[in-house]
Amino acid sequence: MEANTRSTGRLPAAFLTPGSSSFMDFLAEHSPELLPGRRNLPPVQGAIEVPHGTTIVAATFPGGVVLAGDRRATMGNMIAQRDIEKVFPADEYSAVGIAGTAGLAVEMVKLFQLELEHFEKVEGAQLSLEGKANRLSTMIRGNLGMAMQGLAVIPLFAGWDVDREKGRIFSYDVTGGRSEEQGYAATGSGSLFARGSMKKLYREDLTEQQAVTLVVQALYDAADDDSATGGPDVARRIYPIVTVITEDGFRRLTDAEASDVSRSVLERRMNQPDGPRAELL
C-alpha cells in the first residue's frame, strides 16, 4: 500500500473516508505510535528534569468566562522560560490552559484542536461544550502511562455553552476524571494560593472587566507564594495571558490590555502588598 501510494501520489481510501468523527480514534487505528500516550519511554534512573507549566486560573461572569495563565515554565529549581504561552483557543467558543509537562501539554492541545476541527468537518456541526470536555478527558486518560512516569498533563478547560447560554469551567485529574467547577477554578503548582485568592474576591455579578482583574489578582497572589509561578514582569514587558470567551466567541486580550490590567494591580499592591481585602460579614 505504501509503494502504491508513492507511485500514484494519492492517499489510501481509508484516509479519505474516516469511519469515525473522532480524529483520535482514526489516528489510533492507523498510526497509534503518533499518540503521546502510546509512546514507549526509555528506562531512566532517578528523576528527569523537563520544563513544566504552572498556574492556570478561570472565573465565570454573567455573559462569559475568563481563562488566564502566568508565563513561567520551570525545570526543577530553575526558570526554563519566562514567556511561555499556556492558554490556547480550542475552537471558536472554548479555550484550554495547560499545566504539567510543557512539551506534552502543548502537543495535547494541538491534537485537541485538530480533534474538534475534524469533528466539525465530518459532522457538519460543532461538538457541544459538554462533548468537548469529555473528549479532552479521554485524551488525558490516554496519557496515564506517561503520567505515572512523571510526565503528567493536567489542563483547565473553559468555554461558552451555546445551549445553556453561559460560561462553564471544567477541571481534570491525572486519570482524566472531569469535574465542573462553579464560579472559579485553578490548576498547577500555584493553584492553592490562586484559588484562595479567588474564593475571597469572587462574586456572581462580576462584570467582564472585574473578572479579568480577579484572575490577574489571583495569579499575582499565586506568584507571591509559589516560586514556580511568574508574576507580571514590567521590566521585560511580560504579562499574563488573559482570554475571554462569550457568545461572540474567543478573544485574547492584547498586550496593551494585559499590561494596563497588570499595571493597575501592581500600583494598588504598592499600598496593599497582600492585595484587596474581602469584607468580614
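In the predicted model, Glu130, Asp161, Arg168, Arg178 and Glu180 are linked in a network of salt bridges, a salt bridge being a side-chain nitrogen of Lys or Arg within 4 Å of a carboxyl oxygen of Asp or Glu. By this rule, the count comes to 14 salt bridges. The model being predicted, local features need pLDDT of at least 70 and side-chain atom pairs count only at pLDDT 80 or more, whereas totals for chains, interfaces and linings use all residues. Residues are numbered from 1 along each chain as its sequence is written, and side-chain values use heavy atoms, with hydrogens and water left out.

Helices (H or I, at least four residues) and strands (E, at least two) are DSSP runs, numbered from the N terminus. Arginine 178 is partly exposed at a relative accessible area of 29%, and glutamate 130 is likewise partly exposed at 25%; buried denotes under 20% relative accessible area, exposed over 50%, and partly exposed the range in between (1.4 Å probe, protein chains only).

A salt bridge also joins the side chains of glutamate 180 and arginine 168, at 2.7 Å from N to O. Here the linked parts of the chain are twelve residues apart, glutamate 180 belonging to strand β11 and arginine 168 to strand β10 (residues 166–172). Glutamate 180 is partly exposed, at 28% relative accessibility, whereas arginine 168 is buried, at 2%.

A further salt bridge is formed by arginine 252 and glutamate 85, whose closest N and O atoms are 3.2 Å apart. Because arginine 252 lies in strand β14 and glutamate 85 in the loop between β5 (78–81) and β6 (87–91), the pair ties together parts that are 167 residues apart in sequence. Arginine 252 is partly exposed at 32% relative accessibility, as is glutamate 85 at 35%.

On the surface, Asp163, Glu165, Glu247 and Asp248 gather in a patch of negative charge. Patches are made of residues with over 30% relative accessible area and no salt bridge, like charges being joined within 9 Å and nonpolar side chains (Val, Leu, Ile, Met, Phe, Trp, Tyr) within 5 Å. Aspartate 248 is placed in the loop between β13 (241–246) and β14 (249–252) and counts as exposed, at 69% relative accessibility.

Conventions. Accessible areas come from the Shrake-Rupley method with a 1.4 Å probe; for residues, only the protein chains shown count as cover. Lys and Arg count as positive and Asp and Glu as negative; His and the chain ends are not counted. The place of a charge is taken as NZ of Lys, CZ of Arg, CG of Asp or CD of Glu.
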